[in-house]
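Colleague: I am new to this structure. Could you show me how to read it, feature by feature?

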Amino acid sequence: MPRVKAVMEALLVSLSTVFVAEMGDRTQLLSLVLATQYRKPWPIVAGIFVATLANHAAAGFIGVWFGKFLTPAVLDAVVGVSLLAMAAWTLIPDKLDDGAATHGRNAFLATVVAFFIAEIGDKTQIATVALAAGYSNLPAVITGTTLGMMAANIPVVFLGNAFAAKLPMKAIHYAASVLFAVLGLYFIAAAARHFYP
């Protein structure tokens, strides 16, 4: 039972972290641009899924690899500080780069390429690295971050501007920042417990 609880924690924390962090993020803006440009929601959703799964799997493996070189206390501290930095970064609104939207006839391939590239170095990718380093269940983290990304982007693809215009972006950014800060403090407290049990 503790194993199931640990898997569920990794899955749900990963899902909620990426879902909230993705609101107003450049990849969500890219989803809106692609939906407007191609008007083919299912190939775009499939492209987002493939690109996210590939990107977050790579980020997860980097996180696990990085985590192997650190003691549990240092790992918890590094993850905690990284998440606190993410909390500050989340307060800075994203803008879509001029060259982010791709042109072409195939909505699926354009989405895979554009989304994968846009996600490199993005908040959600860095959060995936930190979560994979902090939790010992890579499949649960990758599943959670991918589901969080899909939950944040599917409504944008199908509802477009009508959906995006009604979101209270400032409040969402503050909520994401608080979530990252709470997770960061949680990992820092875990690091402190290694030194002061």
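Modeller: Gladly! Helix α3 passes α5 in a right-handed crossing, meaning that the near helix is turned clockwise from the far one by less than a right angle. Helices here are DSSP runs (H or I, at least four residues), numbered from the N terminus. This is a predicted model, where local features need pLDDT of at least 70, side-chain atom pairs count only at pLDDT 80 or more, and totals for chains, interfaces and linings use all residues. Residues are numbered from 1 along each chain as its sequence is written, and side-chain values use heavy atoms, leaving out hydrogens and water.

Colleague: At what angle do the axes of α3 and α5 cross?

Modeller: Two packed helices are described by the angle between their axes and the distance between the axes. Here α3 (residues 41–68) and α5 (residues 107–119) cross at roughly 35°, their axes coming within 8 Å. Axes are lines fitted to C-alpha atoms over the stretch in contact, with angles from 0 to 180 degrees between N-to-C directions.

Colleague: And how do I read a salt bridge?

Modeller: Look for a side-chain nitrogen of Lys or Arg within 4 Å of a carboxyl oxygen of Asp or Glu. The count comes to two, one of them joining aspartate 25 and lysine 123 at 3.1 Å, N to O. Aspartate 25 lies in the loop between α1 (2–22) and α2 (26–38), while lysine 123 is in helix α6 (residues 123–134), 98 residues apart.

Terms used:
Helices (H or I, at least four residues) and strands (E, at least two) are DSSP runs, numbered from the N terminus.
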